[in-house]
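Let's take a walk through this protein, starting with the whole and then stopping at a few spots along the way. Keep the structure open beside you as you read.

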Amino acid sequence: MVTERLSLSGDLLDSNTLGKVLDVLNHHGVGFQIRKFRVGEFSSEPSLIELFLSAPDLKIMRGALTDCQVHGATFDLDEVKLAEADMDGVLPESFYSTTNFTTHILLDDQWIEVENVEMDCGIRVWQEAGKWRAATCAMHSVRKGDRLVVGFSGVRITPLEEEQRDDQEFRFMSNDVSSERPKRRMIAHAADAIRKAKEEGKKVLFVGGPAIVHSGSAPLLAKLIADGWIDTLFAGNALAVHDIEANMLGTSLGVDLGTGSSSPHGHTHHLRAINRVRRAGSIANAVESGLITGGVMYTCVNKGVPFVLCGSIRDDGPLPDVITDNVVSQDTMRKYIGGVGVCLMVATTLHSVAVGNILPASAKTYCVDSDADTVIKLTDRGTHQAVGLVTDCEFFLTELVNSLS
């Protein structure tokens, strides 16, 4: 089954152009759905209609579309153009720059789905076992001789509304960012999305910041991981450091999590925690030796949940598991993006934007922060599918745990 979009513009009703086009489609056995229909209000204003077509194969589709051309139908069934990279780390000059929407390319009379869809990349094309394959390719990953898509012909993307057509409520929620929204209902929706993702064999990704620990919410995140709701954790040095500090010394940034008071010399506690883990060689070694006995990172190690800790210029230590090369950090996160059905971004602006940049639009994304600017920055940078919950992480995690229990 192949699909295509067909657009018509002009005097579609009085001249019966629409009826003629539908007759052609029926004659060729091409199915259609009307996706957009705008009727011109004045005689000088054209009407516009967009049809979503489906046919058994590309030959039938081409025949129907060719016969529709005489009625002013517009479409694009030109094949992609390819060019070879002439050096490592550099895309061809007129490379096609990807979106995060589901993408297909037309090559040798077949539509090929682009793998690992991600925004702001090129599309690398190669043959494997006699079949064409295509995947997004970050600029730094290009190698001399790679064949990459150039220009815009033969590339088709699935718009966001079609990515989310099975969930009208999610589409509605992603249209606005406000603190005055029904938070419990939105969190319940996130819980439902997590359950559905797990039932479909998809993964749930959690992206977290250190405020989760500072607010005393780390046990809630640990419970979600222990109960099997979280498949992968992305964070920075800080979340892991303060989670380990809390386990070893009962503080987060030197503040006693039980009493809320500052501990004597508490400002050094996170450094002492880092130092002990560095001596052990890794977080896993510290867990296995009994140095770390609980918390988020302990639960990840015990449950075999992979974590990616991406560093920044301001990190103390850092912990031995933190990846300090930003390009390596990006590529490591990319290894775990495939198959993600739901992504929860909680109390972290920089990591939310970073993950949003490599996340496909098909992944339901919930961004939780006490500051609406975090969600606004995320959507401004292309993660348009993100639902924003302006609330504190403790309330969100408490309600999510209750909903999933």
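The protein has 15 helices and 18 strands; here helices (H or I, at least four residues) and strands (E, at least two) are DSSP runs, numbered from the N terminus. What you are looking at is a predicted model, in which local features need pLDDT of at least 70 and side-chain atom pairs count only at pLDDT 80 or more, while totals for chains, interfaces and linings use all residues. Residues are numbered from 1 along each chain as its sequence is written, and side-chain values use heavy atoms, with hydrogens and water left out.

Along its principal axes, the C-alpha trace spans about 85 × 50 × 35 Å. Of the 405 residues, 48% count as buried, a label for those under 20% relative accessible area, with exposed meaning over 50% and partly exposed in between (1.4 Å probe, protein chains only).

Now find helix α13, residues 349-356, where Ser352, Val353, Val355 and Gly356 are buried. They sit on the same side of α13 because they cover an arc of only 165° around the axis, the arc being that of the directions from the helix axis to the C-beta atoms. The cover over these buried residues includes the strands β11 (203-208), β12 (232-235), β16 (340-346) and β17 (364-369), along with the helices α12 (326-337) and α14 (372-380). At the start of α13, a side-chain oxygen of threonine 348 comes to within 3.4 Å of the backbone nitrogen of histidine 351.

Next up is a pair of helices. The axes of α7 (residues 218-226) and α11 (residues 296-303) come within 8 Å and cross at roughly 10°; axes are lines fitted to C-alpha atoms, for helices over the stretch in contact, and angles run from 0 to 180 degrees between N-to-C directions. That makes α7 roughly parallel to α11, a term for angles under 35 degrees. From α7, Ala218, Leu221, Ala222, Ile225 and Ala226 meet Val296, Thr299, Cys300 and Lys303 of α11. By class, this contact has seven nonpolar, one polar and one charged residues, where Ala, Val, Leu, Ile, Met, Phe, Trp, Tyr, Cys and Pro count as nonpolar, Asp, Glu, Lys and Arg as charged, and the others, Gly among them, as polar.

What about the backbone? Most residues other than glycine have a negative phi, and most peptide bonds are trans. Aspartate 108, though, has a phi near 55°. This residue lies in the loop between β5 (103-107) and β6 (110-115) and is partly exposed, at 48% relative accessible area. Alanine 129 also has a positive phi, of about 55°; its loop runs between β7 (122-128) and β8 (131-137), and at 81% relative accessibility this alanine counts as exposed. The peptide bond from glycine 317 to proline 318 is cis, with omega near -20°, and proline 318 lies in the loop between β15 (307-309) and α12.

Which residues does histidine 28 touch, not counting those up to four places away in sequence? They are Ile60, Gly63, Ala64 and Asp67. Histidine 28 belongs to helix α1 (residues 17-28) and is partly exposed, at 24% relative accessibility. Its side chain joins that of aspartate 67 in a polar contact of 2.7 Å, that is, a pair of N or O atoms within 3.5 Å; within protein, one must be able to donate a hydrogen and the other to accept it, and residues adjacent in sequence count only if both atoms are side-chain atoms.

Key. Contact = heavy atoms within 4.5 Å. Parallel < 35°, antiparallel > 145°, perpendicular 65-115°, else oblique.
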